[in-house]
Amino acid sequence: MPAIALDHVNIVTDRMDETCAFYTALFDLERRDGPMQFPPDQVQWLHDGDGRAIFHINAEGFGGVHAVAGPEQSPTGHINHVALSCSDLADMLGRLDTLNIPYRTVRFDQIGLTQVFVSDPNAVLLELSFRDP
């Protein structure tokens, strides 16, 4: 069975409020408590306009992060960045400027793609991809 789409990104942080504020401001997401079994001060989910939880934000040291059965746990340090397809490049650049968030852009004319690279408060590198209309 093939993968259909990226479902969500889980970020572990010791900066819960700062991290939630970063993502909600940048992507117009709504901050909500996670499922009932998770303490709200330890788990927050950031939902899009359709009610999908795009980012799961967990407090550092929260025991429920890997509470499901699975392979031996290992650090996830091999992931270089998370790429998100986005729309409205001008709006995003305006938000980044307004929020004083440093970024770098890369343009690929041959494929009609502009990438914006930005780091969240936890040094998670995001690639925001904007395709020409």
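Colleague: Leaving aside neighbours within four places in sequence, which residues is D120 in contact with?

Modeller: This is a predicted model, where local features need pLDDT of at least 70, side-chain atom pairs count only at pLDDT 80 or more, and totals for chains, interfaces and linings use all residues. Residues are numbered from 1 along each chain as its sequence is written, and side-chain values use heavy atoms, with hydrogens and water left out. Contact means heavy atoms within 4.5 Å. With neighbours up to four places away skipped, D120 touches I11, T19, F22 and Y23.

Colleague: How far from D120 is the nearest side chain of opposite charge?

Modeller: D120 sits in the loop between β7 and β8 (strands are DSSP runs of E, at least two residues, and helices runs of H or I, at least four, numbered from the N terminus). D120 is buried, and buried means under 20% relative accessible area, with exposed over 50% and partly exposed in between (1.4 Å probe, protein chains only). Lys and Arg count as positive and Asp and Glu as negative, with His and the chain ends not counted, and a salt bridge needs a side-chain nitrogen of Lys or Arg within 4 Å of a carboxyl oxygen of Asp or Glu. D120 has no salt bridge, and the distance to the nearest opposite charge, R15, is 7.2 Å.

Colleague: Which backbone nitrogen lies 2.7 Å from a polar atom of the D120 side chain?

Modeller: Two backbone nitrogens come up here. The one of V124 lies 2.9 Å from a polar atom of the D120 side chain. The 2.7 Å distance belongs to the backbone nitrogen of N122.

Colleague: Why does T19 count as buried?

Modeller: T19 has its place in helix α1. Leaving out residues up to four places away, its contacts include I57 and P121. T19 counts as buried because its relative accessibility is 0%.

Colleague: What stands opposite I11 in β4?

Modeller: Two strands pair if DSSP finds at least two bridges between them. Six of the seven residues in β4 are buried. Opposite I11 stands I57.

Colleague: And in the hairpin of β3 and β4, which residue takes a positive phi?

Modeller: On the strands themselves, V43 has N58 in β4 as its bridge partner. Five residues lie between the two strands, and the one with a positive phi, near 85°, is G51.

How values were computed: A polar contact is a pair of N or O atoms within 3.5 Å; within protein, one must be able to donate a hydrogen and the other to accept it, and residues adjacent in sequence count only if both atoms are side-chain atoms.
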